[in-house]
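Q: Could you take a close look at one part of this structure for me, namely the charged side chains that pair up? I would like one connected account with the cut-offs spelled out.

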Amino acid sequence: MGDQIARGEEFEKKAEKKLSGWGLFGSKHDDAADLFDKAANCFKLAKSWDQAGAVYVKVANCYLKLDSKHEAAGAYANAAHCYKKTNTREAISCLEQAVNMFLDIGRLNMSARYYKEIAELYEQEQNLEQAIIYYEKAADLFQSEDVTTSANQCKQKIAQFSAELEKYQRAIEIFEEIARHSVTNNLLKYGVRGHLLNAGICQLCKGDVVAINNALERYQELDPTFSGTRECKLLVDLAAAIDEEDVAKFTGSIKEYDSMTKLDALRTTLLLRVKEALKAKELEEDDLT
């Protein structure tokens, strides 16, 4: 490893020397970019990620001098992938640079992929607000390029994080939109009941029984098969339990569903919120009597 770092530093010195010396403008930046690239590879082999990331930024700068935006963007992406292992902020900064260049040259699909990567980094950092912003940017670009599956993956993340942040109406709209777009697609239609269940649980979180029942009618119009599903039965039973303010019935309905189909983390979190609100309401009424 020490040998690789020494080799990398040697290549980096040669590249710096090439840039500071005389020579044809284009060729010296081209040659320096090659040498910096070799240096970065050595640092990667030595797992010296910060050094590798910093040198890839130098590669990008060489290509920018040559007005080669595609190569510069690729170098910034390489820098980001090194920084991802040690420095999330630097990784995001480099991916932003890569995206801006890919947008400039009309590479929308690449831009979308890197916006999604930025969103994933913010998600790892538990910064859900920023993750939502970048998943939205990615979804818009994927949609414009007709990459529907990737667009839907991003939208599901936006809906999930919106629900976690208690922005229930926003989550409902997105889950319903995904369900609408999926119902006519043979590959995606089997996921419709899950999207409608998510939207319905978000309706429960808002605590408006009339809105919940109206939504259930809408969902059965959107997908005529929904009324026969266990997901629909769960939502109907939970809405009835909320209307009757019956915590035991609410818990029993969830247990019955969960015994056949395990509830994921999001659904469990949201249903726990609804249950807590229901218990609080029950206690409040007990206090009044």
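A: Lys58 and Glu12 join their side chains in a salt bridge, at 2.7 Å from N to O; the term means a side-chain nitrogen of Lys or Arg within 4 Å of a carboxyl oxygen of Asp or Glu. Lys58 sits in helix H3 (residues 49-65) and Glu12 in helix H1 (residues 2-20), so the pair ties together parts 46 residues apart in sequence. Helices here are DSSP runs (H or I, at least four residues), numbered from the N terminus. This is a predicted model, in which local features need pLDDT of at least 70 and side-chain atom pairs count only at pLDDT 80 or more, while totals for chains, interfaces and linings use all residues. Residues are numbered from 1 along each chain as its sequence is written, and side-chain values use heavy atoms, leaving out hydrogens and water.

Back to the pair: Glu12 is buried, with a relative accessible area of 17%, whereas Lys58 is partly exposed at 27%. Buried means under 20% relative accessible area, exposed over 50%, and partly exposed in between (1.4 Å probe, protein chains only). Glu16 joins in too: Glu12, Glu16 and Lys58 are linked in a network of salt bridges.

Further along, Glu136 and Arg170 form a salt bridge, their closest N and O atoms being 2.2 Å apart. That pair links distant parts of the chain, with Glu136 in helix H7 (residues 128-144) and Arg170 in helix H9 (residues 168-182), 34 residues apart. Glu136 is partly exposed at 27% relative accessibility, and Arg170 is partly exposed at 33%. The count by this rule comes to 16 salt bridges.

Conventions:
Helices (H or I, at least four residues) and strands (E, at least two) are DSSP runs, numbered from the N terminus.
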